[in-house]
Amino acid sequence: MNRRRWLLHIILRALAHRRGRTILLLAVLAMASSLATALGIVSSSMEKRVAEEVRKYGANLIVLPALARLDVGSGGLNFGVVSEPAYLLQRQVESALEQSGLKAERSFHLTGALHYKDADLMVEGVNFSDIRRLFPWWQLKGNWPTASGEIVVGNDLATQMKLKPGDTMELVGKAQKMRLRVSGTVSSGGEEDGLLFLALPELQQAIGLEGQISLVRLMVTAGGDSLKKSASALQLLLPAAKVSEVRQTARTSEGLLAKVKLLMLMVTAVVLISAGSSVAGTMSTTVLERSKEIGLMKAVGGTRWEVMLIFCGEAAMLGIVGGVAGYIFGVVVAQFITKTVFSASAEFIPWFVFVSLGVSLFLALLGSIGPMISVFKLDPVRSLRGE
Amino acid sequence: MATLLKLIPHLFAWFGIVLIMLRGFSGRRSSVMLAGMIGFVIGVTGTFILFRSYPGSVTFGVVKSVLGMSFILLWGCSVVAIYRSTDRAKVMSWGKRLIKTPSTAIIASCLAGVGAGAVCTCRLSAATTDGVAMASVLLLLAAGAVAYIALAFEKRMPEAFKVSPAGMLAIVTALLLFSASSILRLDLFSPLSMKVMKGVHDFVHQFMESILIPDHLFVRSYIWKTIGLLFSKEVGFWGGMVIWFTPAILIVLAIQFERLPAVAHIRQGAQRRRVLVDAIRARRYRALIPVFALLLLAAATYQSCFPSVEYWDPKPLPVTAGSSGEIIIPKKGEINLEDGKLHKYIFRQGVKEARFFVLMTPAGELTVDLDACAICKPDGYGQAEGSVICYYCKTLIPLETVGKPGGCNPVPIPFTENGDSVVVDGLTLINSWSATVQATARVKEGGK
Amino acid sequence: MAELIIETTNLTRNYGDICALKPLDLQVPEGEWLTVMGHSGSGKSTLMNLVGGLDRPSAGSLQVGGKDLLAFTEDGLARFRREFVGIIFQQHHLVPYLTAVENVMLAQYFHSVPDEAEARSSLERVGLGHRLKNRPGELSGGEQQRVCIARAIINSPKLLLGDEPTGNLDQKSTLMVMELLKELRAEEKFTVIMVTHNQEVAAWGDRTIYLNDGMLVREESRLKVAEV
């Protein structure tokens, strides 16, 4: 048997001999490291989730044309502001986006009115592929348009006008008259339900606003501060437009996450401190009880370092086992928290096993520093005499 | 003073070399010390003279090949060591005798001194241009002091610390390479990985040509993609790593494989165990040095991959062409084109774009080149220490040769100097960029 | 005359104000079986601890096996003990959670490397071949003391120290242990120093010294007794 295996062997023997105490220490270490792991897993997977939620919510920046403002009246006679519909040049926005180097999904929108039978309908010109990417939660009955001349009708509008997929309708714009086929109806739960969606170039042609758009929705993949920065960067490049942020839902999720994190951090801190002191206490009683054994080891020729190594090995062994158990337990706790608080499932992050191991080992070794010093200093003659 | 501070890591390496040499050739302290110091002086003066009489690239080339030679020697010795450890070759015993002779000790320490001295002088010359002679004298004094400290230190080291000849070679080479890795133009690892990359690349090409003509008909695109992996930078890196670390690992293994003494004839159990344990412990001590060499080599790779040198790499400025399709860049003004630095521009025309730079070579001529070369992926160039570096293959191109076509040199673009501005034709630029990038992209994807 | 294994001059040990061992000159030739007798508190154990490298003298010189124990560091003394000394205690001091054979292997581990076969054969040698896998709690006093002997001799010490090894044993076990020690000594040729209260046990030795209040008061050798 070589020395390393023998060391492991006697460490295991010693731990098995004091079963109750070993289990107690393991439980304490596993508890502490599991909390730390759970904290880490919850915060890291929820951060990702919140970011995803922001994405799901869709656009977080919108670009609107700065209204062509015209102040009416003068001096004390102020009649208010007359505003005209204003448009952005599609090309201009595209080049600005490119220059800013923002990583963003974009969707161009043009809103206009088309005449149908004897009513004006609000029509939004969009690129359907962008819509599908940015607003994946829109529910569609039927199909997305595949050919030109196909449209999608908002749910409310469809009921109102008794339209269903497959119907055709004739719409009259300022510049053009079109026959269109309804390929599907869409519901978003918002204002979109009362709109009619048409391919952007087709609408542009129909109402004679080629190359013009009235709204750009951007989905910038960024969190916190950098969104504000991107907005202002883009604003500089687009003086004729107004760039603003849309981020209400993100804020609430982030707030909740921050609170849960703070709570867990506090609990973990308390648990870590109490676990550390209980490890220290248990270890020092153990060492006290085993002083004869330590004296004997020194008497038969163990140097102070060699004897200490055995006891450090025991602490490290406890730390490792506690860490692994803590990881498993921590994953369960994290799963529980995310289920109950966020009603989502936590990610499986394998490398957190090292965090758990690290916490557990650190606690076990830190708690054993005092006892280890007494092991190191113990005088074999006295301890064997039973003093 | 600042340059002397930069020498500190190199002097540490020198300290290590002296220490290990003294211990490795135990019992020959004075001759090892003397030979090492003489070697150092030769290294310093030799490199100094080389720098004076030839352009920098020649000197760096010479020092680099000396270092490369020591690495190849290490390779040889490691193979011999692992072969010996299998207990097969009694023939090799002359090698053992050779190591014990005093002349070996003298020659080896002298050579190590030459290497260390040369590297130190290269550092001096890379950092400053004037006052090198003065600095060299200071360097020699410092090296002498360091060697003396190493001697004093070695006398106090425990007896149990022993160095095997192979381990000594490993650590001395590792120290030299580590010390060289902080100097961009002496670094061996990145050229090594580049060589591996190109070797793999050429091999695959040749192989395909010899077997699969005409290849495109038979090989599907996903197979081409797999083959394309072989051409990536990572292959070069990992291949380089293997070559870089193998010798030291072999030496560690050779020590681990060493036979333990036969103990069956010892009757007393305690004595038998003692002999066994002592042998194992001694073996472990001896393995310590090559393991440390491994760490040093790893540090050298790190320095090579993330050099502490800051590349001068400005953000490309967008430029536009005038109505005649010509791009006009003023020589003076916001940017001084003639300051000897790299000035990058980006030109867009529709969806196409081209990156290029303007640079004043040391010869005083302006040159306009693409920010890409004819062989690599267009990762661009950075400028450092009298050369530009291709970010993709880490090749250093001396400033003198920028503007000349070929190899990994930036692809030159014809231009005219019109009074106080540089005029480049936009269309030529776009076309030559597209041609270059397409050519290199094709190579990248593994086609022909 | 054989070489001296222990040589002390003016060996003194004070615990604070208490003088446990007054200046003592003692010479023990290699291979001798020396018995130390005296009342409790007479300094017997102190002498044992000093000679075994477990304790350091307050003054005087102490040479064991040609080595000056005063020159050693604490870890150096531990290394000296593992190579040179085997100790048998009155209370056995076996590690409770290790089996008999593992207790012997513990000494091997600190000396060099554990070797189970060797530990087994040494236990067989002391007549415990059938109790290798038993814990100390499952062994009788005599058996425990024999494990202790096996552990003490496993590293082939030059010097075997017994601190009242038979103090806790009945008549029969005492006899057995003493027989065993005698046999082993004949085989391994180590020097024995043994502290005891028991006159009968003392009679197994070559020479007996009497300590009283930390001073050597009387010395008698078996040869002399035989002469008388």
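Two residues are taken to be in contact when heavy atoms of the pair lie within 4.5 Å. By this criterion, and leaving aside neighbours within four places in sequence, C:Thr174 of the predicted model is in contact with C:Thr166, C:Leu169 and C:Val201. C:Thr174 belongs to helix α6 of chain C, which spans residues 171-188. Its relative accessibility is 11%, and C:Thr174 therefore counts as buried, the limit for that class being under 20%. A polar atom of the C:Thr174 side chain also lies 2.7 Å from the backbone oxygen of C:Asp170.

The phi angle of C:Lys189 is near 60°, a positive value in a residue other than glycine. With a relative accessible area of 61%, C:Lys189 is exposed. A positive phi, near 65°, is likewise found for C:His92, again a residue other than glycine. C:His92 is placed in the loop between β6 (85-88) and α3 (100-111) of chain C. In contrast to the exposed C:Lys189, C:His92 is buried, with a relative accessible area of 8%.

The strands of chain C were examined next. Strands of a sheet pair through backbone hydrogen bonds, either parallel or antiparallel. Strand β9 of chain C covers residues 207-212, and five of these six residues are buried, so the strand is largely enclosed by the rest of the structure. Strand β9 of chain C pairs in the parallel sense with strand β3 (residues 33-38) of chain C, over five bridges. Within β9, C:Arg207 stands opposite C:Leu34. Strand β9 also pairs with strand β10 (residues 215-221) of chain C, here in the antiparallel sense and over six bridges. The bridge partner of C:Thr208 in β10 is C:Glu220. Two residues separate the strands in the hairpin of β9 and β10 of chain C, and in this hairpin C:Asp213 takes a positive phi near 55°.

An open sheet of four strands is also present in chain C, with the order β2-β1-β4-β5 and antiparallel pairing. Strands β2 (18-29) and β5 (67-68) of chain C stand at the edges; each has a single partner strand, so one side of each is left without a neighbour in the sheet. Strand β1 (residues 4-15) and strand β4 (residues 59-64) of chain C run antiparallel and are joined by five bridges. C:Thr9 stands opposite C:Ser61 in β4 of chain C.

The interface of chain C with chain B was also characterised. The size of an interface is often given as the accessible area lost when the parts come together. Chain B and chain C bury about 760 Å² between them, of which 45% is on carbon and sulfur atoms. Of the area that chain B buries against chain C, 68% is supplied by B:Ala270, B:Arg273 and B:Arg274, more than by any other three residues. Seven residues of chain B and 11 residues of chain C take part in the contact. Two salt bridges are counted between chain B and chain C. One salt bridge joins the side chains of B:Arg274 and C:Glu83, with an N to O distance of 2.6 Å. Between chain B and chain C, eight residue pairs are in polar contact, both residues being at pLDDT 80 or more. On the side of chain B that touches chain C, two residues are nonpolar, two are polar and three are charged.

How values were computed
Residues are numbered from 1 along each chain as its sequence is written. Chains are lettered from A and ligands numbered from 1 in the order in which they are written. This is a predicted model: local features need pLDDT of at least 70, side-chain atom pairs count only at pLDDT 80 or more; totals for chains, interfaces and linings use all residues. Side-chain values use heavy atoms; hydrogens and water are left out. Buried area is the accessible area (1.4 Å probe) that two parts lose on being put together, summed over both. A salt bridge is a side-chain nitrogen of Lys or Arg within 4 Å of a carboxyl oxygen of Asp or Glu. A polar contact is a pair of N or O atoms within 3.5 Å; within protein, one must be able to donate a hydrogen and the other to accept it, and residues adjacent in sequence count only if both atoms are side-chain atoms. Ala, Val, Leu, Ile, Met, Phe, Trp, Tyr, Cys and Pro count as nonpolar, Asp, Glu, Lys and Arg as charged, and the others, Gly among them, as polar. Buried means under 20% relative accessible area, exposed over 50%, partly exposed in between (1.4 Å probe, protein chains only). Two strands pair if DSSP finds at least two bridges between them.
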